[in-house]
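I opened this model to look up a few points and write them down. The entries are in the order in which I took them up.

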Amino acid sequence: MSQLKMGFIGVGDIAQGRHLPSFAEIDGVELTAVQDLNNERAHSVAALFNIPYVFEEYNELFKVVDAVTICTPNKFHSEIAVAALEAGVHVLCEKPMAITTNECEAMIESANRNDRHLSIGYHYRYTSEAKVAKELMIQGEIGDPLVTRVQAMRRRKVPGWGVFTNKDLQGGGSMIDFGCHLLDLALWILDDPKPVEVMGKTYNRLSKTPGLVNDWGAIDAKTFNVDDHVTSYITFENGLSMQFECSWAANIKEDHTTLSISGVDGGMDVYPFELYQAKYGTLWDTKVRLPEEKGSPELSQAKNFADSCLGKAEPVVKAEQALRVTQLMEAIYKSSETGSSLRLD
Ligand SMILES: NC(=O)c1ccc[n+]([C@@H]2O[C@H](COP(=O)([O-])OP(=O)(O)OC[C@H]3O[C@@H](n4cnc5c(N)ncnc54)[C@H](O)[C@@H]3O)[C@@H](O)[C@H]2O)c1
């Protein structure tokens, strides 16, 4: 196969803003078909991107494509991915992989049985900083990692549009939307350590306050029922511990994305990238000139997926790794509900 026929299921904001423009740039990819519950939107997107087929049912779309992106609300990720994989179609599914670990497992089982690629849209892995951090870990520059701090923090920016705050459709709020990217990135850079215990606490008191000052549109304090701030402490089999926090709405000085790893021989901050070491009797702080990237992380993600389907690359984001992210988020939510830590071993 030298040409890849791509289908797009769910063509709202992320599909139109990132996936469709990215796949449209790749030689050897044909934008072939779209499907969306909102049929009018499916037709207008097809016209915008010159896509020949529009379907009302995704099972019909599978007959004319080799691969699909799934950009529906999270509730439908697993059901649609399994249907695609069973029809022999490769899948790039938006993050999170699914709401529950069971749903993720069903996706992996189907991908393996049907020998199809299944990858997830954790595109932070394609940022220059992340690639440098991963390489430094592989080369052992900071030795065994001991303590990791992961923060995905926004000040008063609860998304006031779309389905972001719809618990039924999304399964959660700030963690399942934003925190999951940084959690995935940390686990990938740390080479997928096995988690053993999770303590978590979720909050949503700010967003339930009528008249909340919010920079990203209006939210309904009466119906708000997802997390807007999450803290957790995770320990791993190799002795590593992680403090993980994310928020849409914190009362902090400014938004920030922090991934900081302190190891036996050194440490690093990923955003912005900096390496900390102690050698020759002194402390060293190393800044790097990151390579200039051609295109966005989403374009790299689309290229890696297309190349994987065409047999020219391995998927960077493996489904088993994405399952681990969902498993940890599920444990954090459960720990917060029960008020006690959860063992995963
Ligand atoms: N990677 C990122 O940084 C990022 C950012 C935002 C959203 N997302 C993820 O992308 C997905 C979609 O988010 P969005 O912001 O584009 O949402 P959206 O509401 O803008 O678009 C979702 C689209 O899916 C359609 N849809 C709903 N149910 C469907 C179904 N059962 N079958 C077919 N179509 C269906 C809707 O009509 C809509 O057009 C979510 O999983 C979200 O978590 C990822």
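My notes on annotated domains, the ligand shell, helix packing and backbone geometry follow.

**Entry 1**

I am working from a predicted model.

**Entry 2: annotated domains**

I looked up the UniProt record, an unreviewed entry, and found "domain: Gfo/Idh/MocA-like oxidoreductase N-terminal" placed at residues 5-122. For residues 5-122 I noted 42% helix and 22% strand, with 22 Å between the end C-alpha atoms.

The unreviewed UniProt entry also carries "domain: GFO/IDH/MocA-like oxidoreductase", covering residues 133-267. Over residues 133-267 I noted 19% helix and 32% strand, and the end C-alpha atoms are 10 Å apart.

**Entry 3: the ligand shell**

Which residues are closest to the ligand? I listed G10, G12, D13, I14 and E94, out of 24 residues that surround the ligand. By class, I recorded 9 nonpolar, 9 polar and 6 charged residues in this shell. Helix α1 supplies the largest share of the shell, 3 residues.

**Entry 4: α1 against α9**

I went on to the packing of α1, residues 13-24, with α9, residues 297-309. Their axes are 9 Å apart, and the angle is about 60°. Angles under 35 degrees count as roughly parallel and 65 to 115 as roughly perpendicular, and I therefore put α1 and α9 down as oblique to each other. I noted the crossing of α1 and α9 as right-handed. On the α1 side the contact is made by R18, H19, S22 and F23, and on the α9 side by E298, L299 and A302. I sorted the residues of this α1 and α9 contact into 3 nonpolar, 2 polar and 2 charged.

**Entry 5: α4 against α5**

Next I took α4, residues 77-86, and α5, residues 101-114, which pack at an angle of about 10° with 9 Å between their axes. That angle makes α4 roughly parallel to α5. From α4 I listed S78, A81, V82, L85 and E86, which meet E103, A106, M107, S110, A111 and N114 of α5. The classes in the contact of α4 with α5 are 6 nonpolar, 3 polar and 2 charged.

**Entry 6: α5 against α10**

How do α5 and α10 run, roughly parallel or roughly antiparallel? I read an angle of about 170° between α5 and α10, residues 319-338, with the axes 9 Å apart. This makes α5 roughly antiparallel to α10. The α5 residues in the contact are T101, C104, E105, M107, I108 and A111. They meet A319, E320, A322, L323, T326, Q327 and E330 in α10. By class I noted 7 nonpolar, 3 polar and 3 charged residues for α5 with α10. I also marked M107 and A111 as listed in the contact with α4 and in the contact with α10.

**Entry 7: backbone geometry**

I checked the backbone with a general point in mind: most residues other than glycine have a negative phi, and most peptide bonds are trans.

Where does the model have cis peptide bonds? I noted one from K95 to P96, with omega near -10°. P96 sits in the loop between β5 (90-93) and α5. I noted another from Y271 to P272, also with omega near -10°. P272 belongs to the loop between β12 (266-269) and β13 (274-279).

For phi, I wrote down D115, which is not a glycine but has a positive value of about 50°. D115 lies in the loop between α5 and β6 (118-120).

Terms used
Residues are numbered from 1 along each chain as its sequence is written. This is a predicted model: local features need pLDDT of at least 70, side-chain atom pairs count only at pLDDT 80 or more; totals for chains, interfaces and linings use all residues. UniProt positions are given in the numbering used here, feature names are shortened, and annotations may be inferred rather than shown by experiment. Helices (H or I, at least four residues) and strands (E, at least two) are DSSP runs, numbered from the N terminus. Axes are lines fitted to C-alpha atoms, for helices over the stretch in contact, and angles run from 0 to 180 degrees between N-to-C directions. Angles under 35 degrees count as roughly parallel, over 145 as roughly antiparallel, 65 to 115 as roughly perpendicular and the rest as oblique. A crossing is left-handed if the near helix is turned anticlockwise from the far one by less than a right angle, and right-handed if clockwise. Two residues are in contact if their C-beta atoms, placed from the backbone, lie within 7 Å. Ala, Val, Leu, Ile, Met, Phe, Trp, Tyr, Cys and Pro count as nonpolar, Asp, Glu, Lys and Arg as charged, and the others, Gly among them, as polar. A residue is near a molecule or strand if its C-beta atom, placed from the backbone, lies within 6 Å of it.
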